[in-house]
Amino acid sequence: MSQQQQMGGQPMIVLGEDSQRMKDRDAQSHNISAAKAVAESVRSTLGPKGMDKMLVSSTGSITVTNDGVTILQEMDIDNPTASMIVEVAETQEDEAGDGTTTAVSVAGELLANAEDLIEQDIHATAIIKGFQLASERAREEIDNVAHDVDPEDTELLKQVAETSMTGKGAELEKEALAELVVSAVQAVTVEADDGETVVDLEYVNTETQTGRSAGESELLNGAVVDKSLAHADMPTSADDADVLLLDTAIEIDDTDADASLQLDSPDQLQDFLDKEEEQLRQKVDAIAEAGADVVFCQKGIDDLAEHFLAKEGIVAASRVKKSDLSFLREVTEGDIVSDIDALGAESLGSADVEYDESEELFYVEGTGEDSHGVTLLLRGSTDHVVDELERGIGDALEVVAQTVSDGRVLAGGGAVEVEVARRVRDYADSVSGREQLAVEAFADALELVPRVLAGNAGLDSIDTLVDLRSAHDDGDETAGLNVFTGEVVDTFEAGVVEPAHAKRQGISSATEAANLVLKIDDIIAAGDLSTEGEEPEGGAGGPGGMGGGMGGMGGGMGGMM
Ligand code: ADP
Ligand code: MG
């Protein structure tokens, strides 16, 4: 069992004593069940009525979330096949920002349906081919059913944001938050020279603040810096200020501090301290002479330097996050300065700066002509609340940005899935051979979405699907599920809308992952397969990488048999 030889020019494979091997159906069903298990773990969170999960890390920290990719990442899965499904979520998150639970659930359902076909003796190659054809067709049909929208249609953009937020931490205040999200996206939308609409979400900064309710979240022009004022004697505001962004410390130079010091008399100590004071004095003088009224410093500021800065009437904050500093550069149009001695007025930015003592935040609004950047200040009662809010708002920002740049939306609540499934089934008639069954199985897998939306809402998923199918057969392309009433409604009219781009991306990454898993007919593990779940991180990385590469090898060997 642990040794295998191949003749006829094939390489001879010799496996180690402890290694294990699984082939053909065993390998397939092993992989499929691992992948299905992962997909099933997120299903219950899908849709407005989806439940949340509480994830407790090995260090005891808690995350409460409804976000597919977050759940899968926090689960710390180290089964190699299961990791491929986790990658679906990660790709979807990177490429589309939303739709992760849908993509993973569909991938799991594709594999479940493939398993049935394999049991009917249909070869994986035919299934893979059929899935590929169906996936291409499904994406074409998404283009066909998508509605073009005016990227300046604020009402519709708000609906896109609300649909994305429904069922998330952001839900309760979704109207107010959707408004903020849309305004934020519009603030960073520009018309490029070639007439294309470009949205740059890098200019939207998100800050979180605990203590108040989500409804008190705000959108601010410029930046918010979550740091306290360095010294109590500093002014708390500076209008039209010259702002210095510094990424080095205002402290005694390291070289001097490290040098060993031989002290023979109290005078020498005094001398030494004077020198240190002199050094700090010089740095603060250089800052004052360049004309800075405000300093945001990424590193530390010596107590004495803070005192000198306060005496000069300069506002300062230390230990500002690197990312905040980069954002401040966009807002103030200043340079990030590393050498205080070479500092000149031309490096400074300009802004109105205000320090809020009760909240311990700086508000920085750029005053320059090219200042750009807005900040969403998200509020919530506790850390867990704001964290989940931030995830939900992040998704909403992405989908609204996509809708603005892509200009196409779809009817949600399962409407698009049922319509595309119907069209893919029609297309199946034109596909010959066993691939046809796979194309049909693909269409069935898409309908998992309305089934799960219904099931999660406590509705009968079969009845719902039957109702939806008949509405679509009657030509209602946008008939979807109102999860709150259980009725079939025109979800587009009802304002349940999703961007077309994310849906396309979800279908392609789900198909790719399912096909990757199906291609494997041979698993060679350097350890015991049954204990792989307990392996340390590093151990799982190996077989995971191997699995992908083995697709080709397995195929070649399959051909020989
Ligand atoms: P994902 O991670 O895939 O985005 P979600 O939990 O955000 O998962 O659920 C998205 C699904 O919920 C989509 O199919 C969307 O159309 C559906 N949905 C959102 N709001 C509503 C609503 N008000 N009524 C019905 N379905 C909705
Ligand atoms: Mg979502």
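**Charged pairs**

Tutor: Let us begin with Glu388, which forms a salt bridge with Arg391, their closest N and O atoms being 2.9 Å apart; the term stands for a side-chain nitrogen of Lys or Arg within 4 Å of a carboxyl oxygen of Asp or Glu. This is a predicted model, in which local features need pLDDT of at least 70 and side-chain atom pairs count only at pLDDT 80 or more, while totals for chains, interfaces and linings use all residues. Residues are numbered from 1 along each chain as its sequence is written, chains are lettered from A and ligands numbered from 1 in the order in which they are written, and side-chain values use heavy atoms, with hydrogens and water left out.

Both Glu388 and Arg391 belong to helix H12 (residues 383–406), where they sit three residues apart, about one turn of the helix; helices here are DSSP runs (H or I, at least four residues), numbered from the N terminus. Glu388 has a relative accessibility of 6% and so counts as buried, a word used for under 20% relative accessible area, with exposed meaning over 50% and partly exposed in between (1.4 Å probe, protein chains only).

Another salt bridge joins the side chains of Glu447 and Arg425, at 2.9 Å from N to O. This pair links distant parts of the chain, 22 residues apart, with Glu447 in the loop between helix H14 (435–446) and helix H15 (448–456) and Arg425 in helix H13 (residues 415–428). Glu447 is buried, at a relative accessible area of 1%, whereas Arg425, at 22%, counts as partly exposed.

Glu216 and Arg212 also meet through their side chains in a salt bridge, at 3.0 Å from N to O. Here Glu216 is partly exposed, with a relative accessible area of 36%, and Arg212 is likewise partly exposed, at 34%.

The structure as a whole holds 25 salt bridges.

Leaving aside neighbours within four places in sequence, Glu162 is in contact (heavy atoms within 4.5 Å) with Lys174, Glu175 and Ala178.

Conventions: Helices (H or I, at least four residues) and strands (E, at least two) are DSSP runs, numbered from the N terminus.
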